[in-house]
Amino acid sequence: MHIDIISVQPRLLDSPFAHSIMKRAQDKGLLSVETHDLKEFGIGKHRQVDDYQFGGGAGMVMKCEPLAACIDSLKAKRTYDEVIFVTPDGKTYDQGLANQLSLGENLLIICGHYKGIDERIREHYITMEISIGDYVLSGGELAAAVIVDSIGRIIPGVINNETSALTDSFQDDLLSPPVYTRPSDFNGWKVPEVLLSGHTAKIEEWRHEQALERTRARRPDLLEE
Ligand code: 6GU
């Protein structure tokens, strides 16, 4: 999978994909992420990318021309499954959408800043608008990083233990059961006996019960769906 990201603050995206699982995904050739600095398509010698909004009001709006030029230049190289705008008024992101997006070949993600982007770009270029939750970030970069991470880790072959991603919280609409590692007794706090039993079927049953109980207690909405 290849993911292009357009941003006015591309350096914000240097670190999220440079380590751990996202790095491994790229080293293995399963994922490539390329950030593009919108300012390179800015207008005039000041490389202007934003402007006052028509009708007045506080906050700058990202202009059409730089965005259109940047998107067009990328579309000339690749066919995108989705051209995504990350915005607080988009559809709320969830695991189902991550799964769906992970099946694509090429994605383009556009990060907004300031008051937003000119509506005409949304109407004519954007195919999907995503919010990562009901709160406001100062820009779309962190949201884009969240989306790329959640997609990248479920590309087959990225996580060594294939079943690990499949047993995540949410993957089956259940939260994950509690987990423990050595020592089996820490300060007198003991690991549940069943996990030390070596009895695989009983362990699986215990984990499923715990997952159900945890979901019932913390996120009953997931069980209603
Ligand atoms: Cl995608 N962008 C911004 N700026 N804020 C957000 C968001 C996105 N999702 C939730 N809050």
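Guide: The second largest pocket has a volume of about 320 Å³, where a volume is the space filled by probe spheres set on grid points that are joined across faces, edges and corners. A pocket here is an open set of points on a 1 Å grid over the protein atoms alone, where a 1.4 Å probe fits and protein lies on both sides within 12 Å along at least five of seven lines, and its lining residues have an atom within 4 Å of a point. This is a predicted model, in which local features need pLDDT of at least 70 and side-chain atom pairs count only at pLDDT 80 or more, while totals for chains, interfaces and linings use all residues. Residues are numbered from 1 along each chain as its sequence is written, and side-chain values use heavy atoms, with hydrogens and water left out.

The lining of the second largest pocket is made up of 22 residues, and those nearest its centre are Val86, Thr87, Pro88, Leu137 and Gly139. Two elements, E5 and E7, each give two or more residues to this lining, and E5 has the largest share, with five residues; helices (H or I, at least four residues) and strands (E, at least two) are DSSP runs, numbered from the N terminus. By class, the lining of the second largest pocket holds 10 nonpolar, nine polar and three charged residues, where Ala, Val, Leu, Ile, Met, Phe, Trp, Tyr, Cys and Pro count as nonpolar, Asp, Glu, Lys and Arg as charged, and the others, Gly among them, as polar.

The ligand takes up the space of the second largest pocket; a molecule is said to sit in a pocket if more than half of its atoms lie within 2 Å of the grid points. Strand E5 (82–92) and strand E7 (128–131) are the elements that give two or more residues to the shell around the ligand, and E5 gives the most, with three residues. The shell around the ligand consists of Val86, Thr87, Pro88, Ile130, Ser131, Ile132, Gly133, Tyr135, Val136, Leu137, Gly139 and Ala143, a residue being near a molecule if one of its heavy atoms lies within 4 Å of it. These shell residues divide into eight nonpolar and four polar, with no charged residue.

Turning to polar contacts, which are pairs of N or O atoms within 3.5 Å, a polar backbone atom of Tyr135 is 2.5 Å from a nitrogen atom of the ligand. A polar backbone atom of Ile132 is 3.0 Å from a nitrogen atom of the ligand, and at Ser131 a polar side-chain atom lies 3.4 Å from a ligand nitrogen. Of the 290 Å² of accessible area that the ligand has on its own, the protein covers 96%, with accessible areas taken from the Shrake-Rupley method with a 1.4 Å probe.

For comparison, the largest pocket holds about 370 Å³ of space. Of the 13 residues lining the largest pocket, Thr167, Ser176, Pro177, Glu204 and Arg207 are the closest to its centre, and helix H7 (residues 200–218) gives the most to that lining, with four residues.

Definitions and conventions. A polar contact is a pair of N or O atoms within 3.5 Å; within protein, one must be able to donate a hydrogen and the other to accept it, and residues adjacent in sequence count only if both atoms are side-chain atoms.
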